[in-house]
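Please look over the sequence and the model shown below before reading on.

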Amino acid sequence: MKKTITALFLLLSGASFASERPNIVWMFSDDHAFQAIGAYGGRFENLNLTPNIDRIAKGGMTFERAYVGNSICAPSRATLLTGKHSHINGQTSNGGSFDHDQQQFQKILQKEGYQTAMIGKIHLKGAMQGFDYWEVLPGQGKYWNPEFITANGKTTYKDEHSTDVITKRAMNWLKNDPDQEKPFMLMVHYKAPHRAWQPTTRWKEKFKAMTFPEPDTLFDNYQGRGTAANKQDMSIDITMRMSRDVKAKLPERTQELNKIDENDKKALISLKYQWYMRDYLACIAGVDENIGFLLEYLKETGLDKNTIVMYSADQGFYLGEHGWFDKRFMYEESYRTPLLAHWPGVTAAGSRNSDLVQNIDFAETFLDLAGIEAPKDMQGESLVPLLKGKTPADWRSHLYYHYYEYPAVHSVRRHEGVSGKRFKLIRYYGIDVPNGEEWEFFDLKNDPKEMTSQYDNPEYAAEIAKLKKELAKLRAQYKVVDIPQKERKK
Ligand code: CA
């Protein structure tokens, strides 16, 4: 009798499982700093910049400690698809090409009966695999008049903005393509708010006279940190271009420029910061508005009831903190990335999670959501238990990070590191010092803005030794192989 009941139960649960596997909508943008999302608080909180992304947070979970393994575009996307760190999936920098033949989560989902689609920016060269439908921007793509590539050819959307087109194309797929019998996984990847920050006209107008609070590290002089922070080339002061980046030739900006003393370096940095924020945040407002359209569509069609909606970005970004724009560093603003998830009926509304999670976890999470066991060689952990509010007792205590793109644009030195909830250890290499190495150590509790490395402070010696051991452990666990640094191009 007992056996029969068990068999019947398995049969029933199996049958209902097959028809109830959830849909997944993964929304992703390029360079969206968590500082520019209402749900994360911070200095833009009162602007109500992201009401729609905040809806995901209100209905679901906000991850407060989500990080990337390599803070730059193409590598982050390769990690997203493979669930592996850069040195394993081969995409260590923006250059080179991605090996599409390798294992990727969407190929497994497709094989297991999901319909899969990818629309927008992927920033990986070559034809996508494992998607029933894909329509992507070539490389960085264009904000205006964007061209998209599909398996069958190219289409240019004249007089349109990439953020709007990506949403329209995603909705078009949702309306016409999904086989009602199958669950789907749709990736909607915006190009915005990537440099050079070109918002749609309607949002540009709205933001054009606004003034934003400055971060208190805008005039950082990099004392207390080593060669890398001192020698980077990503500052608002020097690197940010007057015409291409901050469009100083716009009439209203020329007027503002004329009002300041051009030799007053601080005044010019402040002005460039304002221009940068107007364009960047207007791009964010456009992305958020479009996310609203997608959320509304899911609601109208009733798809929202069985669809998990997640939002993230390929890494964090500096919005003037440390005087910078761009990313790359293992410091918090670029290492951390936004992550929000709404799983109706499962994730507690308005919940916040502070476990250490990383983009190596995304692929396994998607598979787990679909009830599929992840291949053993994926390097992350499923976030499904966290989304259910049940973090495993043995959840990781530290994360591994490695940035490789040097020599290259923005001149950020190669580094790897390890971080726990409070302490962070970074090893820069290829530096012009006797053994080529420089270390930094930060106590995020006492120095959340990472202004002073405590690497030489004897009070932290025990903590530093512990993190060095942890670094060696994680290098072994993730099978880190050293990738030689290329010669600097003269
Ligand atoms: Ca990016």
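## Two helices in contact

How are α2 and α10 oriented to each other: roughly parallel, roughly perpendicular or oblique? In this predicted model, the axes of the two helices α2 and α10 cross at roughly 50 degrees and come within 7 Å. Angles of 65 to 115 degrees would count as roughly perpendicular and those under 35 degrees as roughly parallel; α2 and α10 are therefore oblique to each other.

On the α2 side, the contact is formed by Pro51, Asn52, Ile53, Arg55 and Ile56. Helix α10 contributes Asp288, Glu289, Ile291, Gly292, Leu295 and Glu296.

## The nonpolar cores

The largest nonpolar core has 65 residues, and Met27, Tyr276 and Tyr280 touch the most other members. At least two residues of this core come from each of several elements, including β1 (23–29), α2 (51–59), α6 (162–176) and α10 (265–300). Helix α10 gives the largest share, 19 residues. The core also draws at least three residues from each of two domains, domain 1 (20–198 + 277–387) and domain 2 (206–275).

Another core lies apart from this one; its 43 residues include Trp26, Met61, Phe131 and Val384. In soluble globular proteins, nonpolar side chains tend to be buried together.

Among the residues of the largest core, Tyr280 may be followed in more detail. Beyond residues up to four places away in sequence, Tyr280 touches Asp31, His32, Ala33, Ala36, Pro193, Trp197, Phe317 and Leu319.

## A four-stranded sheet

An open sheet is built from 4 strands in the order β13-β14-β15-β16, and the pairing is antiparallel. The edges are taken by β13 (399–403) and β16 (438–443); each has a single partner strand, so one side of each has no neighbour in the sheet. On average, and with direction ignored, neighbouring strands are turned by 15 degrees against each other.

Strand β15 (residues 423–428) is joined to β16 by 6 bridges, and the two run antiparallel. Tyr428 is found opposite Glu438 in β16.

## Thr391 in a loop

Which loop holds Thr391? Thr391 is placed in the loop between α13 (384–387) and β13. Its relative accessibility is 33%, so Thr391 counts as partly exposed.

Leaving aside neighbours within four places in sequence, Thr391 is in contact with Asn353, Asp355, Pro385 and Leu386. Asn353 is 38 residues from Thr391 along the chain, and the C-alpha atoms of this pair are separated by 9.2 Å.

Note on methods. Residues numbered from 1 in each chain as written. Predicted model: local features only at pLDDT ≥ 70, side-chain atom pairs only at ≥ 80, totals over all residues. Heavy atoms only, no water. Core = buried A, V, L, I, M, F, W, Y, C linked by side-chain atoms within 4.5 Å. Buried < 20%, exposed > 50% of the residue type's maximum accessible area, 1.4 Å probe, protein only. Domains from an automatic or database assignment. Contact = heavy atoms within 4.5 Å. Pairing = 2+ DSSP bridges. Axes fitted to C-alpha atoms, helices over the stretch in contact; angles between N-to-C directions. Parallel < 35°, antiparallel > 145°, perpendicular 65-115°, else oblique.
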